[in-house]
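Biologist: Could you walk me through this model, starting with the ring contacts and then moving to the sheet?

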Amino acid sequence: MAETKKLAATVRSGTGKGAARSVRREGRIPGVLYGGGEAPQPLSLEKKSLSQLIFAGHFLTTIFELDIDGKKERAIPRDYQLDVVKDTPMHVDFLRLKPGSRLRVQVPVHFINQEAAPGIKRGGALNIVYHTVEMWVPADNIPEAITADLTGMDFNDSLHISAIPLPEGCKPTNPDKNFTVASLTPPAGGGAEEAPAAAAAPAAAPAKEEKKK
């Protein structure tokens, strides 16, 4: 289950580009909390803390307990924008999490036991079709990742989603019920067993004895 982190925020007045620019001039980041059957709430967040969280990774699959001027709200980031020049946060959207709700998220795939895959040992290449899998997941049980075991994979084998254990309540959005997550391909121009050694040339026939005259 994804770890819940705490993040402080304050209510900001006004919406639109002008209000957002005003927040940035104060050295903070504008945001919005929406969903859950409630009206959108404009937010102002501390720039340094938010930047660290975004660049630490897994930001969009992390559940936050937002402390908004003393009021606690469980939420998950849905989107954020970065400055194209400075690569710093410009805006972030949060979605309220209510008990029993389900979310559509991208869940990373972790591949293990490469050393137990005969095809990899013999020089084959793992072709990863999905580094992440989009799934419907419970709001209170968002997985950090799913684990794909490569044990026993050989040349031209495929690993399907049905072979990967999924957390309870999680379901892929892909309409293909058993799509391929990864496959193992042989090395270019190789992978076949060595051809048997060429048969030895037959021995020369013995010379015939010359008849005596």
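What follows is a chat about aromatic pairs, the barrel and the helices.

Modeller: Before that, please note that this is a predicted model, where local features need pLDDT of at least 70, side-chain atom pairs count only at pLDDT 80 or more, and totals for chains, interfaces and linings use all residues. Residues are numbered from 1 along each chain as its sequence is written, and side-chain values use heavy atoms, with hydrogens and water left out.

Biologist: How many aromatic pairs does a search of the whole structure find?

Modeller: The search finds four, where rings of Phe, Tyr and Trp (its six-membered ring) pair if their centres lie within 6.5 Å, and planes under 30 degrees apart count as stacked, over 60 as edge-to-face and the rest as tilted. One of them is the edge-to-face pair of Phe-59 and Tyr-80, with 5.6 Å centre to centre and 80 degrees between the planes.

Biologist: Where do Phe-59 and Tyr-80 sit in the chain?

Modeller: Phe-59 lies in the loop between helix H2 (47-55) and strand E4 (63-68), while Tyr-80 belongs to strand E5 (residues 71-82), so the pair links distant parts of the chain, 21 residues apart. Helices (H or I, at least four residues) and strands (E, at least two) are DSSP runs, numbered from the N terminus.

Biologist: Phe-59, buried or exposed?

Modeller: Phe-59 is buried, because its relative accessibility is 4%, whereas Tyr-80, at 26%, counts as partly exposed. Buried means under 20% relative accessible area, exposed over 50% and partly exposed in between (1.4 Å probe, protein chains only).

Biologist: Which residues do ring pairs link into a cluster?

Modeller: The cluster consists of Phe-59, Phe-64, Tyr-80 and Phe-94.

Biologist: Changing topic, what is the strand order in the closed barrel?

Modeller: The closed barrel has six strands, running E1-E3-E2-E6-E5-E4 with mixed pairing, and two strands pair if DSSP finds at least two bridges between them. From one strand to the next, the twist averages 45 degrees.

Biologist: How many bridges join E5 to E6?

Modeller: Seven bridges join E5 to strand E6 (residues 89-96), and the two run antiparallel; Ile-76 stands opposite Leu-95 in E6.

Biologist: And which strands does H1 touch?

Modeller: Helix H1 (residues 17-25) packs on the sheet and touches strand E2 (28-35), strand E3 (38-46) and E6, contact meaning heavy atoms within 4.5 Å. The direction of H1 makes about 135 degrees with that of E2, where axes are lines fitted to C-alpha atoms, for helices over the stretch in contact, and angles run from 0 to 180 degrees between N-to-C directions.
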